[in-house]
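Please open the model in a viewer and keep the sequence panel at hand.

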Amino acid sequence: MGRAGTWAGDAARAAVAGPLLLLLLARPPPAAAGHGGHRDIRLVSEQFSQSPQKLSFYSWYGSARLYRFRVPPDTVLLRWLLQVAQGGGPTCANLEITVYFRYGAPPVINPLGTSFPANTSVQPSFLIKMLQSNTSINVSHPAPGDWFVAAHLPPSSQKIEVKGFIPTCAYIFQPDMLVVRVVEVSILEPDTPLPQTLLSQPSYLKIFIPEFTQELRLELQGCVSNGSWGCPVHLTVGSATLPSNFQKVLTCPGPAQACRLLLPSPPWDRWLQVTAKSLAGPHVLVAFSTVASLTACRPWIVNFQHLLQNTSNQSRNISAGLLPPGPGWRGLAGSSHVGGGPFCLLSYQAVREDVDVVSVHFRPPDRASVLVQSDVPAVMRLQLSTGMDSGGSLTIALWANESVMPNNTWVKVCLNAASPFLSFSAALNCTTAFFQGYPLSLSTVSRKAHLTVPYPETDSWYLSLQLLCPQSPDCCLPGLRAGPPAGLRRLASTPRSQPSWAPSSRGCEGASVLVETALSLVPCLNDCGPYGQCLLLRRHGYLYAGCSCKAGWRGWSCTDNSTAQTLAQQQAAVLLLTLSNLMFLAPIALSVHRCLLVEASVYAYTMFFSTFYHACDQPGEAVLCILSYDTLQYCDFLGSGVSIWATILCMARLKAALKYVLLLLGTLVLAMTLQLDRRGAWNTMGPCLFAIVVMVTMWVYRCGHRRRCYPPSWQRWAFYLLPGISMAAVAIAIYASMMTSDNYYYTHSIWHMLLAGSAAFLLPPRDKRAEPWACSQGLACRYQICKNHREELYTVT
């Protein structure tokens with residue numbers, strides 16, 4: 001599919017032909033005059049829009065921007081209008097934007113090419129790539145309900161960019177949805193011919209499929225045209241979905257063949273769209289009748305009343321939670337005591353238990369097991385149609401007791417949406433009319449089966465189970481006693497190539513097995529494991545979950561260890577980032593030696609919180625958090641900014657009163673700016689630049705007042721100021737342009753050491769009249785002599 005144009009599914013299509021011998025008196029089609037042609041007055045258009053969002057570089061699922069639209073019923077055309085706007089100036093590059101589409105649930109995407117957890121079934125995503133230009137996508141006959149659009153920029157680079165040092169480029173994405181729906185739809189009644197006439201406009205029909213429908217048959221009868229041979233009619237059945245499309249197409253090539261379409265297990269309890277188009281010329285009249293036939297399925301419904309009746313005279317194993325099969329369960333396929341015809345399925349009414357947001361548990365009525373027979377399939381319905389259940393992962397866990405499972409038998413399981421798979425006797429591919437199901441199996445060799453479906457579609461899901469038995473004695477040779485053919489997916493791909501395994505009344509007539517179930521909807525599989533965090537994301541009122549991985553782990557559930565860090569690497573990173581802060585002991589000791597107690601306190605504060613922040617910031621197992629992560633991060637950022645501020649003010653050699661006033665005001669300003677934007681570089685650099693201006697002003701004033709350069713000593717410039725300034729410049733360069741995700745542990749540790757070392761070199765020398773460690777010596781005196789800075793009065797207190 002291109003970036004624009006009508007989307008046509010390449011999935012399974014059915015085409016049958018048949019003889020057409022009857023004639024139908026046609027009626028003229030309605031037409032309305034338009035500007036220079038005919039306009040279909042049965043169609044109306046509507047447009048829906050959502051607020052634009054700023055796109056981000058992709059690193060995990062939360063980086064993608066999600067949109068949810070609701071397509072109304074009877075829609076015949078859906079058009080997506082994709083608009084991208086760029087902001088930030090001419091320096092911003094033209095980036096490729098990836099847009100995903102999916103019906104029923106958020107798209108499952110994998111731009112990084114990571115692996116998914118074991119037993120996870122994922123369909124390929126339908127996507128397009130576009131640049132900064134408007135694009136339109138058309139979908140004919142879309143399925144009604146929720147449609148999701150997700151967009152993101154290319155995967156993010158490893159470079160850690162400091163906000164404020166590079167130009168900010170914004171890419172704004174906004175999708176609009178334009179729908180064309182039909183307001184006059186013909187209702188197709190079962191077993192009632194519906195006459196239709198086609199000229200230049202298509203005919204729109206729909207039929208309601210009730211619950212427990214086993215098969216739908218559509219047939220064209222009495223087709224006649226006044227200008228072409230045969231029956232030039234193109235019948236489209238069903239609605240288009242993405243990423244997979246299972247619309248069925250019926251064409252009638254000639255009058256000598258029957259023109260009918262058989263649909264096993266059509267979607268239950270909903271309307272099914274049917275569109276008829278003429279394949280003849282625009283002025284050729286085609287008349288025909290459409291007949292729909294439904295085959296009903298009689299279910300044996302297992303509810304609480306049945307359980308009470310069947311367990312009144314039986315003992316139950318409470319410890320194992322098993323319900324032994326009784327005589328009332330056997331022979332359902334041959335029983336016909338209620339109405340006419342046999343039962344075709346054993347329907348379990350699953351209990352839905354809502355636990356939390358995107359968290360649901362399903363259980364059979366007896367809270368433990370499902371009875372699976374060889375006569376008819378057992379079906380359990382999982383209600384995931386609330387509209388808020390598609391943001392998690394559906395997990396299926398099944399297991400059978402080896403002691404109660406007959407030899408050389410196995411249980412075939414299919415998970416389908418909209419309708420259950422019932423044709424175990426005909427095929428084993430779990431395919432219904434409009435859905436490709438997920439296969440599972442249980443046997444005496446493999447007694448457990450697991451399946452995970454991320455972001456299941458909003459619908460009713462059905463779990464079908466049936467016991468399969470050997471069909472002939474040849475199947476029980478020693479080479480086949482190990483169970484079914486190796487690999488469930490191999491069996492699903494070759495449904496008719498295994499004749500030895502099929503439901504049969506020979507060898508295991510009336511056989512049954514109890515299958516334990518654990519069915520649930522969870523936000524994240526295994527809570528993203530030890531190296532991930534399950535985060536709940538929100539788009540307007542819709543909630544969905546995603547895993548944010550750490551320590552180099554990647555993947556949908558943080559199970560891909562291709563780039564993961566070892567425990568030794570994690571410990572080395574912790575030691576580098578924490579022990580590098582010990583370099584602040586040097587400026588602390590110099591500050592105390594020179595009676596700069598305020599500066600020493602600031603450096604001690606920075607060293608303490610930087611050490612424990614980086615001990616808590618580690619992504620792996622080597623983590624130590626003495627306070628909340630947010631508190632430690634704020635204190636670390638605040639300490640770093642105040643350390644730079646205090647060092648520069650100390651270099652200015654201001655009077656004590658002015659110095660402490662500026663120090664306090666600067667600390668308050670830094671606290672405020674960090675609260676507004678903790679990652680903004682200029683929130684810290686702005687006050688520090690002001691301090692540099694104050695320092696330079698004082699130095700220039702002293703130079704003019706003393707008629708010589710300040711500081712006057714060349715040794716001070718050569719051995720202290722220039723090394724300190726060089727270390728500070730290198731630290732800023734590393735912090736702003738050299739840090740990446742891979743070298744963060746090394747470069748940030750060097751930043752710590754350079755910052756502490758520059759503070760030690762840039763601190764001004766002590767007063768020549770003051771003794772070394774004079775402040776510590778004065779603390780031991782009983783009386784303290786306080787001197788004001790005017791050197792006029794001495795007081796004894």
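Predicted model: local features only at pLDDT ≥ 70, side-chain atom pairs only at ≥ 80, totals over all residues.

**The whole chain**

The chain contains eleven helices and 39 strands. Of its 797 residues, 49% count as buried. The accessible surface amounts to about 37,800 Å², and carbon and sulfur atoms contribute 59% of that area. Where contacts join residues at least 6 apart in sequence, 79% of them link residues at least 24 apart.

Select residues 65-71, which form strand S6, and locate Val71 in it. Is Val71 buried or exposed? With a relative accessible area of 2%, Val71 is buried, because this value lies under the 20% cut-off. Beyond residues up to four places away in sequence, Val71 touches Leu78, Pro142, Ala143, Pro144, Gly145, Trp147 and Met177.

Next, show the side chains of Arg68 and Asp146, which meet in a salt bridge at 3.6 Å, N to O. This pair links distant parts of the chain, with Arg68 in S6 and Asp146 in strand S11 (residues 145-155), 78 residues apart. Asp146 is buried at 5% relative accessibility, whereas Arg68 is partly exposed at 29%.

Proceed to Asp74 and Lys206, whose closest N and O atoms are 3.5 Å apart in a salt bridge. Asp74 lies in the loop between S6 and strand S7 (75-87), and Lys206 lies in strand S15 (residues 203-209), 132 residues away. Lys206 is buried at 14% relative accessibility, and Asp74 is buried at 17%.

**Strand S24**

Select residues 345-348, strand S24, where Leu345 and Ser347 point one way, Leu346 and Tyr348 point the other way, and all are buried. Strand S23 (residues 299-302) runs parallel to S24 and is joined to it by four bridges; here Pro299 stands opposite Leu345. S24 also pairs in the parallel sense with strand S28 (residues 378-384), over three bridges. In that pairing, Ser347 stands opposite Val379.

Select residues 629-652 to show helix H6, which reaches 35 Å from its first C-alpha to its last, close to the 34 Å expected. Of its 24 residues, 20 are buried. Arg653 follows H6 and has a positive phi, near 55°.

Which residue forms a salt bridge with Asp630? The partner is Arg678, with the closest N and O atoms 3.0 Å apart. Asp630 belongs to H6, while Arg678 sits in the loop between H7 and H8, 48 residues away. Asp630 is partly exposed at 46% relative accessible area, but Arg678 is buried at 19%.

Arg679 lies in the loop between helix H7 (656-676) and H8, and is exposed at 52%. Apart from neighbours within four places in sequence, Arg679 is in contact with Lys163, Gln633 and Phe637.

Finish at Leu689 in helix H8 (residues 681-706), which is partly exposed at 38% relative accessibility. Display Leu689 with Trp682, Ile692, Val696 and Val700 as a surface: together they make a nonpolar patch of about 450 Å².

How values were computed:
Residues numbered from 1 in each chain as written. Heavy atoms only, no water. Helix = DSSP H or I, 4+ residues; strand = E, 2+ residues; numbered from the N terminus. Expected span 1.5 Å × (residues − 1). Buried < 20%, exposed > 50% of the residue type's maximum accessible area, 1.4 Å probe, protein only. Contact = heavy atoms within 4.5 Å. Areas by Shrake-Rupley, 256 points an atom, 1.4 Å probe, with all protein chains shown as cover. Patch = residues over 30% accessible without salt bridge, like charges linked within 9 Å, V, L, I, M, F, W, Y side chains within 5 Å. Salt bridge = Lys/Arg side-chain N within 4 Å of Asp/Glu carboxyl O. Pairing = 2+ DSSP bridges.
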